[in-house]
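Q: I am new to this structure and would like a close look at one part of it. Could you take me through that part and what surrounds it?

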Amino acid sequence: MNIYDYISPQSGETFTTLLEYKNIKINRIVSSDNLDDTEYMQEEDEWLVLLEGEATLLLDDEEKKLTKGDTLFIPSKTLHRVLSTQSGTVWLTVHIF
């Protein structure tokens with residue numbers, strides 16, 4: 001598979017699991033610029049890298065603006081949500097259980 005072989009959704013996000021092995025799950029997420037207002041609080045740690053586009057997240061009441069190449073670590077049980085994304089934003093997320 002090619003990480004850049006995707007179709008941008010018209011709304012929301014598409015999640016593709018690339019690998020699940022032992023205590024790790026790796027996803028590719030492709031975002032539109034029309035997102036649902038969803039808050040996340042996960043039991044696992046998450047590390048992410050923005051491969052394409054731009055995004056703004058709210059992480060423990062602090063805005064984080066990400067551009068292509070930026071990385072972010074989200075510890076388990078940290079309240080967060082995606083505030084905005086540029087259409088065609090591509091994320092690689094690594095969940096560590």
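A: Let's start with Trp-47, which is partly exposed at a relative accessible area of 32%; partly exposed lies between buried, under 20% relative accessible area, and exposed, over 50%, with a 1.4 Å probe and protein chains only. This is a predicted model, in which local features need pLDDT of at least 70 and side-chain atom pairs count only at pLDDT 80 or more, while totals for chains, interfaces and linings use all residues. Residues are numbered from 1 along each chain as its sequence is written, and side-chain values use heavy atoms, leaving out hydrogens and water.

Trp-47 sits in strand E4, residues 45-52; strands are DSSP runs of E with at least two residues, numbered from the N terminus. Together with Ile-24, Phe-73 and Ile-96, Trp-47 makes a nonpolar surface patch of about 320 Å². Such a patch takes residues with over 30% relative accessible area and no salt bridge, and joins nonpolar side chains (Val, Leu, Ile, Met, Phe, Trp, Tyr) within 5 Å. A salt bridge here is a side-chain nitrogen of Lys or Arg within 4 Å of a carboxyl oxygen of Asp or Glu, and the areas come from the Shrake-Rupley method with a 1.4 Å probe.

The largest nonpolar core has 11 residues, including Leu-48, Leu-50, Leu-57 and Trp-91; a nonpolar core is a set of buried Ala, Val, Leu, Ile, Met, Phe, Trp, Tyr and Cys residues joined through side-chain atoms within 4.5 Å. E4, E5 and strand E7 (71-74) each supply at least two residues of this core, and the largest share, three residues, comes from E5. Apart from this core lies another, of seven residues, with Val-49, Val-90, Leu-92 and Val-94 among them.

Not counting residues up to four places away in sequence, Leu-57 touches residues including Leu-66, Leu-72, Val-82 and Trp-91, where contact means heavy atoms within 4.5 Å. Leu-57 also stands opposite Lys-64 in E6, and Leu-58 stands opposite Glu-63 in E6. Strand E5 (residues 54-59) and E6 pair in the antiparallel sense over six bridges; pairing requires at least two bridges found by DSSP. In their hairpin, with two residues between the strands, Asp-60 takes a positive phi near 50°.

Definitions and conventions: Helix = DSSP H or I, 4+ residues; strand = E, 2+ residues; numbered from the N terminus. Patch = residues over 30% accessible without salt bridge, like charges linked within 9 Å, V, L, I, M, F, W, Y side chains within 5 Å.
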